[in-house]
Structures are given as structure tokens and as C-alpha cells.
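Me: I have a model open and want to learn how to read it. Can you take me through a few features?

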Amino acid sequence: MKIQAQKRTKTGTNASKQARHEGKMPAAIFGRDVDTIPVLVNQKDFEDVLREVGSNGVFDVEVEGGETYQVFVKEKAEAALKPYAYHADLLAFKKGEKVAMTIPVVLSGEEEIDEGVVNQSLTELEIEIAPAEAPAEIVVDVSNLVIGDSLTVANVEVPSGAEVLTEAEYTVVSIVPPSEEEPVSAETEGTTDMPQPEVIGDTEEE
């Protein structure tokens, strides 16, 4: 997958607003051996390629009048009220080079837990891996866990050759008892301690 980009000649809030009005998204290409290059990419092309390769998938960006870079989305800023990104940081890398990537953590087997509540404390994991070998997500099976059990980062399986950068002792998921609510008795259900209204005219003088 490849998208085209043009170098930004104007920067700043007004220039960015004008670019978005024209259907272009500001972005920045950077890397270990690449000085930061401010660019503009077609908004629709960018969204289409992410749907094709995934949020942390690899694709090529060909800069107008320059080189082609193999990149992945290191970070993107989402529009608050509209379903698209309005800026992206694109990390360029060389074939075989390992970089730090943030991978979503997804749970499986939740439906097999009869008792207890699944509490996921960590929703993503940072690993160092060659981007072309990075998984779209890391799946953690919780089907055999019971109340009181937990899994830490050290228990999570990652692809061969990947190095986990997140602290090993961090809890990823735990099974906790369901919250208990104090039962309401039939005698008190529907009653309150609201004071009785005063009847006007009902006084000792009458």
C-alpha cells in the first residue's frame, strides 16, 4: 500500500485548517535516520490505507519530488466531533529495523467465566519489534481464570523476537468478586423517611 504526500510549505493553525478544508491532513515523517519532514496527505487515502493495513500496519509514503518511506502510524490525533484523524506522526524505518510499537491487548474467553468480574487494567503493550512482523493485537486468554487470579505482563505471550518494554509486574487482567448490594427487605421497599406534610389549620387553637 502506498499513498502520496507533498511537503508542507506553510505551517501553523491557519495553514492546517486550510489544508483540512481541501481534504488534506497534516502529518510528519521522522525516523532514526530521517530528519522530520512535514507533509500533507490526502485525508481519504490515509483513512483507506489504515482500514486496509490496520491501525499499526505498515505502508509506503512517497513524498513529492523526493524519496519513498516505509512507515507506520506512531501516533495520530483524532478529531473530537468527526470520525477521522487530523494529524499523524509517521515513523519511518528500514527493513529489519526494530522499533518501539504500542500494540492493543484484547481478551478472549470472557464468556467462559461463570463467577467473578473480568477487570482489564492494561489495554496496550509496548514492545520492540520489526514493524512488518508486529501483530495487529495481542490476545490474552482468560477462560481458565477464577476469582482471585490475575495475569501480569510477564504472563503475556508476544511474537518471537519481540522485546517487551512495558514493566513485567504490571497487572493486565484480574478476576474480582462481583459487587454486592445490600438487599432491600419487602417491609421497607418503597418506603422512605420523608417527613409527613403539615396540615394547614390543624393546630391546638382549633
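Predicted model: local features only at pLDDT ≥ 70, side-chain atom pairs only at ≥ 80, totals over all residues.

Me: Where is Asn56 found?

Reply: Asn56 sits in the loop between helix H2 (43-53) and strand S4 (59-63).

Me: Is Asn56 buried or exposed?

Reply: Check the relative accessible area. Buried means under 20%. Asn56 has 8%, so Asn56 is buried.

Me: Which residues does Asn56 touch, leaving out those up to four places away in sequence?

Reply: Phe72, Met101, Thr102, Ile103, Pro135 and Ala136.

Me: How do I read a nonpolar core?

Reply: In soluble globular proteins, nonpolar side chains tend to be buried together. Here, the largest nonpolar core has 25 residues. Met101, Leu125, Val140, Val142, Val172 and Val173 touch the most other members. Two or more residues come from each of strand S7 (99-108), strand S9 (124-129), strand S10 (138-141) and strand S13 (171-176). S7 gives the most, with 5 residues. Apart from this core lies another, of 22 residues, among them Ile3, Ile37, Phe59 and Val73.

Me: What about Asn119?

Reply: Asn119 lies in strand S8 (residues 117-120). The relative accessible area of Asn119 is 36%, and Asn119 is partly exposed. Beyond residues up to four places away in sequence, Asn119 touches Val172, Val173, Ser174 and Val176.

Me: How many residues apart in sequence are Asn119 and Val176?

Reply: They are 57 residues apart in sequence. In space, Asn119 and Val176 are 7.0 Å apart, C-alpha to C-alpha.

Notes
Residues numbered from 1 in each chain as written. Heavy atoms only, no water. Helix = DSSP H or I, 4+ residues; strand = E, 2+ residues; numbered from the N terminus. Buried < 20%, exposed > 50% of the residue type's maximum accessible area, 1.4 Å probe, protein only. Contact = heavy atoms within 4.5 Å. Core = buried A, V, L, I, M, F, W, Y, C linked by side-chain atoms within 4.5 Å.
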